[in-house]
Amino acid sequence: MTAEEARKIVVDAGIRLVGEGLVARTWGNISQRIDEKHIAITPSGRPYELLTAEDIAILNIEDMSWEGRYKPSGERKLHAAIYADDINVKAVIHTHQTNASVCAAARKSIAVPETYRSLLGDEVLCAPYGLPGSKKLTKGSAAAVKGRAAAFMANHGAVCIAATMEQAFERAAALEKACEEVIREAFCRLYDVREWSPEILREYYVKDQCV
Amino acid sequence: MKDAVNEIRKLAEKGVLAENSAAAFRKDGVCYVTVRNADLKNLTETDLIVVRDDSDVSPDVMPKEYFLYLAIFEIFPKVSAIIRTSTESIRTASIVNRKVRPMLDDMAQIVGVSVRSVDEDVFENAQKIVKATSAMKDRTALLIQNNGAVCVGATFDDAEVSAVVFEKACKTVIESSFLGGGRYINPIECWLMHLVYKLKYSKQAKK
């Protein structure tokens, strides 16, 4: 793949990331492998809707040098570590999607519901907590996602990896639905109820908190 | 002013603004507040109260948020947009009426180290308005018992971001409790993340 092709994939993916509600504003980040050593990655702090191919940075994952108009994402070390770990990973997206964030805040690994196993595998692990951009977060997240489709980043969000950008999006969408199902099941089990609606949830939660 | 009116309409369309709530903004040193029971989705410039020192505003047109909003503008010079939001999880948190601490780092960065909650009579009580403004120090949101949250920013876009991030934060606190409970982020780290974000954001805004 050429750098230009990879840059275009990243620009299009950025617009899709916001459109599908997986991130807001400038959060999250996306990258696409170009070759063994290089990836195209979103810049730091730029709104996805305004990105052009020229704004996408090219990062050398071995020495972390980069080219481009803007500094690459603050999570570039995480992306580099994931690509360095597995040559078959061609696309990485880091999201702040809602239901996955709930699981990430609970710092729970989840058993993936049957419906989503073909996309996500049997289990999604949760990486240990670390400050954004820190070595701890980078190492822990890269280890949690290695050989898998996705991982939670404690108190932060999720990361999905794939052989194509399209597949990375499918995995992010599946992760969101799988997490929703896990949360619903946990709610129903906890309160011994069979139904779920925002009203029922509120009623039980408020009752529980106000005792 | 047209731009601000359009932004309020958009926020109402998206459901970020609570029904029967009011929005306010400051432009060129003048504050504007939407009138009581304004149709926010179809807002026009005639639905705005222009607040001047010599204004003689009839209490009949003042929304319940009027004095709270003016106090916020008075105390926080960088705030130029205020909304009240009552999306699902924020509403639930406001019924519980307790401080919400960050379980997600984006809340720590954007909203602050916590969001405090005040009683619903804040709208009618001058002393409570003073307490409410002090509860908002270094924060972009404030829970109001049974009334959702007031979110602020330098622009309506910033206030919306605060509302969206806080909704996700509340949802996380609520729903992670079904999974055995979420883990709060250390308050010192929250403060540090908030500080770094503010510095980074103000630098970007200057550019």
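Modeller: Helices (H or I, at least four residues) and strands (E, at least two) are taken as DSSP runs and numbered from the N terminus. On that basis chain B holds seven helices and seven strands, which follow one another from the N terminus as α-β-β-β-α-β-α-α-β-α-β-β-α-α. The model is a predicted one, in which local features need pLDDT of at least 70 and side-chain atom pairs count only at pLDDT 80 or more, while totals for chains, interfaces and linings use all residues. Residues are numbered from 1 along each chain as its sequence is written, and chains are lettered from A and ligands numbered from 1 in the order in which they are written.

Within chain B, the axes of helix H2 (residues 66–75) and helix H5 (residues 126–135), which are lines fitted to C-alpha atoms over the stretch in contact, with angles running from 0 to 180 degrees between N-to-C directions, come within 10 Å and cross at roughly 45°. Angles under 35 degrees count as roughly parallel, over 145 as roughly antiparallel, 65 to 115 as roughly perpendicular and the rest as oblique, and H2(B) and H5(B) are therefore oblique to each other. Their contact (C-beta atoms, placed from the backbone, within 7 Å) is made by Phe67(B), Leu68(B), Ala71(B), Ile72(B) and Ile75(B) of H2(B) with Ile129(B), Ala132(B) and Thr133(B) of H5(B).

Turning to the partner, the contact between the chains takes 26 residues from chain B and 27 residues from chain A. On the side of chain B that touches chain A, helices H3 (88–96), H4 (105–110), H6 (156–176) and H7 (187–206) each supply at least two residues, and H6(B) gives the most, with eight residues.

Across this contact, the axes of helix H7 (residues 198–209) of chain A and H3(B) come within 10 Å and cross at roughly 25°, which makes H7(A) roughly parallel to H3(B). Here Pro198(A), Arg202(A), Tyr205(A), Val206(A) and Gln209(A) of H7(A) meet Glu88(B), Thr92(B), Ile95(B) and Val96(B) of H3(B).

Terms used
Contact = placed C-beta atoms within 7 Å.
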